[in-house]
Amino acid sequence: MANFIASPSEFLKGSIKVPGDKSISHRSIMLGSIANGVTNVSGFLEGEDTLATLNAFKDMGVKIEREVSNVVINGVGMNGLRPSLKPLNLGNSGTSIRLMTGLLSAQSFDSMLCGDESLSKRPMARIIDPLREMGAIIKSSDSMPPLSISGNQKLSALKYTLPVASAQIKSCLLLAGLYADGETCITENETTRDHTERMLKGFGYQVTSSSGKVSLTGGGQLQACDIEVPSDISSAAFFIVAASIAKNADITLEAVNINPTRTGVIEILKLMGANIELNNQREEAGELVSDIRVCSSSLKGITIPKELVPLAIDEFPAIFIAASCAHGETLLTDARELRVKESDRIQVMADGLLSLGIENEVLEDGIRIKGGEFQKQTSIIKSHHDHRISMAFAIASARSNFELDIEGVDNVKTSFPNFVELVNQVGMNLIETQ
Ligand code: S3P
């Protein structure tokens, strides 16, 4: 088991580029594989999660070549995927299993999808139930992976209102909808990330999105295109928080995706008083990107606006660290979804914060955090093998005056393989031990 030892740092300085966006990288493989023609992807995230998707499509007969972060996908067309000879192992990746279950429910062959211990405990009823309404046949025990999909089903289109704000459910159903008879229409009451809709349009598929409704009609084709994956704001978030809480910081994160369905972390930190500038905003390959400059600030506690929760859903472990360093109390509610991520991120963060002397109150759907000074209470912080928990506590060292020991950080590789290198590049002191 790998651990982090994060020592205090004097200053944070420099300009770095964090790796490619995880959500966009997954989708580039999925859509590139079922498109006609060759899709060239640059800036692909070489994380374990996105490589799990890439390998799964290779297992289904798609010729995919990768050199570092450049990927060439030889699309096989809408009906060109072939059954895998072995179960598709999607590791730790919820995005892979949920989106692929939609796509594979509509294929002419059977599939078996599985993953690691954490993925095997994540709820799948949220996709299985609506897919069954479309005519899919999926077996599982207690609606958790492994999932066994019986192919050769004719799917019918679905009109569906998302019961939870989830881009994974929306995307799963849109991918199934590509093969369904008629128009699939998904309504969302809260905005969630829209990369699937954007990328489908980039592949020439007609998708209508307006006022919380996304619709497409099955039976069309995708045309290969080139995809430049921008840097992942979810990875940048650790540095944005680190620089905001550090006593002496001025760092720039280059070319980060600032798609408005993903910028909740910036809005929340700005409400807390963070010193964040978005410079050189431009559009690259259909996504908005910007250089993000962050300097030290004096943060204050806030009540996090509910509508920002889905727009910052992966960034709360880092935001909780910011709240711990703020003056006053921060209150988060309406964030029940955090309990079913790679770990129960409310409880695991609450336990870790307590071990750093930060008072907090766990709520059923959120947390109340009283800002203060980090004080060593217990020697080891447990990440519960959740990549974002590991990285959140690592960047707490930007403000602590003692060494932090974080246990079980192996899964940082799922989303941010060069995290340790970049953290040290801006002046923090982080080592990984085995
Ligand atoms: C993702 C959507 C989010 C997010 C996950 C990636 C995606 O999950 O937490 O890391 O790529 O669609 P939900 O949509 O289920 O909240």
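This is a predicted model: local features need pLDDT of at least 70, side-chain atom pairs count only at pLDDT 80 or more; totals for chains, interfaces and linings use all residues.
The ligand sits in the largest pocket. Two helices each give two or more residues to the shell around the ligand: helix H1 (22-33) and helix H5 (167-177). The ligand is surrounded by Ser-23, Arg-27, Thr-95, Ser-166, Ala-167, Gln-168, Arg-193, Ile-313, Asp-314 and Lys-341. By class, this shell has 4 charged, 4 polar and 2 nonpolar residues.

Where does the ligand lie relative to domain 1 and domain 2? Domain 1 (3-20 + 230-433) gives residues to the shell, and domain 2 (22-228) does too, so the ligand lies between them.

Three side chains place an N or O atom at the distances below from an oxygen atom of the ligand.

| Side chain | Distance from a ligand oxygen to a side-chain N or O atom |
|---|---|
| Ser-23 | 2.7 Å |
| Ser-166 | 2.9 Å |
| Asp-314 | 2.6 Å |

How much of the ligand does the protein bury? Taken alone, the ligand exposes 390 Å². The protein buries 95% of that area.

**Backbone features**

Most peptide bonds are trans, and most residues other than glycine have a negative phi.

Pro-146 lies in strand S9, which spans residues 144-150.

Which element holds Ser-143, a strand or a loop? Ser-143 has its place in the loop between strand S8 (137-141) and S9.

Methods
Residues are numbered from 1 along each chain as its sequence is written. Side-chain values use heavy atoms; hydrogens and water are left out. A residue is near a molecule or strand if one of its heavy atoms lies within 4 Å of it. A polar contact is a pair of N or O atoms within 3.5 Å; within protein, one must be able to donate a hydrogen and the other to accept it, and residues adjacent in sequence count only if both atoms are side-chain atoms. Accessible areas come from the Shrake-Rupley method with a 1.4 Å probe; for residues, only the protein chains shown count as cover. On a 1 Å grid over the protein atoms alone, a cavity is a set of points where a 1.4 Å probe fits but cannot get out, and a pocket is an open set with protein on both sides within 12 Å along at least five of seven lines; lining residues have an atom within 4 Å of a point. A molecule sits in a cavity or pocket if more than half of its atoms lie within 2 Å of its grid points. Helices (H or I, at least four residues) and strands (E, at least two) are DSSP runs, numbered from the N terminus. Ala, Val, Leu, Ile, Met, Phe, Trp, Tyr, Cys and Pro count as nonpolar, Asp, Glu, Lys and Arg as charged, and the others, Gly among them, as polar. Domain bounds come from an automatic or database domain assignment.
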